[in-house]
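Hi there,

Here is the structure I promised to pass on to you. Please open it next to this email, and my notes follow below.

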Amino acid sequence: MLIAVFDIGGTSIKYGVSDDNGNFLFQDSYPTKASQGGKAIIDKLIATNLELKDNWEIEGITISSAGQIDNKNGVVVYATDNIPGYTGMEISKNIGSATGLPVKVENDVNCTALGEYWKGAAKNVENFICVTIGTGIGGAIFINGQLFTGSRFSAGEIGHINLYPNGKACTCGNRGCFERYASSLALEEMVNDAFHEKKDLKLFFDNVRNGDEVAKQVLEKWVDQLTTGLQSLVHMFNPEMIVIGGGISAQGDFLLSYIRDSLFKKIMPNHQRNLSIKMAEYENKANLLGAIKHFIVE
Ligand SMILES: [Zn+2]
């Protein structure tokens, strides 16, 4: 069976045609143009699907999307103003009626977790937490081999755990959220403050590797903030694994060793016993794979 697969991100929309085992026959991408709003995004998705339908024997459409997604009905239950007019968008209904095909939608971080569970770092791991570290921090919770999505499809908003009451203002309207202290953006801010100049994170990590003391102290402070959030998650869910995705995962084992050292000092002994921490394996492709998995399981 061939499926059209989409990943709607803040800057680009990746898509392709895959069989139901995740083997892609075709892949491409185009800019999201988020500021043009939810309706423009869906209209373009419809046009792209009609084009794909002309060229392939597609039997369904599946979508990984930013925002809190009703994954049963394919509706955006909440999205920030990054994509104006996206909240309330009935994606499955709109695209389904225009193309005549079944359409499934799932939140992008949940798709990352599904993709990593299906084929990547968390293969055969029944209890894990997926944390994506980028401009913000996203989360997905896997319990007993299933995604936990909460009562309104909105569980796993890890980025908005409170780390410091009355701390820095967050996009969610609160103060002191985890992602204001432990996202890539937060690290960039800390680096800029320490070096009084804008510095690319790749260059910053090179500095740490080369023994720059100031850079090392900045990294340790940021990792300390990250693991303070993770500590609560570990104590709450007792996971077998934490999978870390997002751009930061490119730092691989070097960064993992910092995270491990810091986290294991903060968690109770029995929680350490079978806990491993890994970087996501299918960085760019995990969301597409997860969307396929979401399509075929139900
Ligand atoms: Zn927040």
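The four donor atoms around the zinc ion subtend angles of 106 to 118 degrees, so the arrangement is tetrahedral (for four donors, all angles between 85 and 135 degrees). Those donors are His 160 (ND1), Cys 170 (SG), Cys 172 (SG) and Cys 177 (SG), at 2.0 to 2.3 Å. Donors here are N, O and S atoms within 2.8 Å of the metal (3.2 Å for Na, K and Ca), and water is not among the atoms, so sites may look incomplete. Along the sequence, the donor residues follow the spacing H-x9-C-x1-C-x4-C. Cys 170 is buried at 9% relative accessibility, and Cys 177 is buried at 1%. Buried means under 20% relative accessible area, exposed over 50%, and partly exposed in between (1.4 Å probe, protein chains only).

Before you read on, please note that this is a predicted model: local features need pLDDT of at least 70, side-chain atom pairs count only at pLDDT 80 or more, and totals for chains, interfaces and linings use all residues. Residues are numbered from 1 along each chain as its sequence is written, and side-chain values use heavy atoms, with hydrogens and water left out.

Now the charged pairs. The whole structure has seven salt bridges, each a side-chain nitrogen of Lys or Arg within 4 Å of a carboxyl oxygen of Asp or Glu. Three residues, Lys 168, Arg 180 and Glu 189, are linked in a network of them. Lys 168 meets Glu 189 at 3.8 Å, N to O. Lys 168 lies in the loop between β10 (146–148) and α4 (179–182) and Glu 189 in helix α5, so this pair ties together parts that are 21 residues apart in sequence. Helices (H or I, at least four residues) and strands (E, at least two) are DSSP runs, numbered from the N terminus. Arg 180 also pairs with Glu 189, with the closest N and O atoms 3.5 Å apart. Arg 180 is buried at 18% relative accessible area, while Glu 189 is partly exposed at 26%.

Another salt bridge joins Lys 39 and Asp 43, at 2.8 Å between the closest N and O atoms. Both sit in helix α1 (residues 38–55), four residues apart, about one turn of the helix.

Finally, a backbone detail: His 196 is not a glycine, yet has a positive phi of about 55 degrees. His 196 lies in the loop between α5 (184–195) and α6 (201–209), and is exposed, with a relative accessible area of 72%.

Best wishes

Definitions and conventions: Four donors count as tetrahedral if all angles lie between 85 and 135 degrees; four count as square planar and six as octahedral if opposite donors are over 155 degrees apart and all others between 65 and 115; anything else is irregular.
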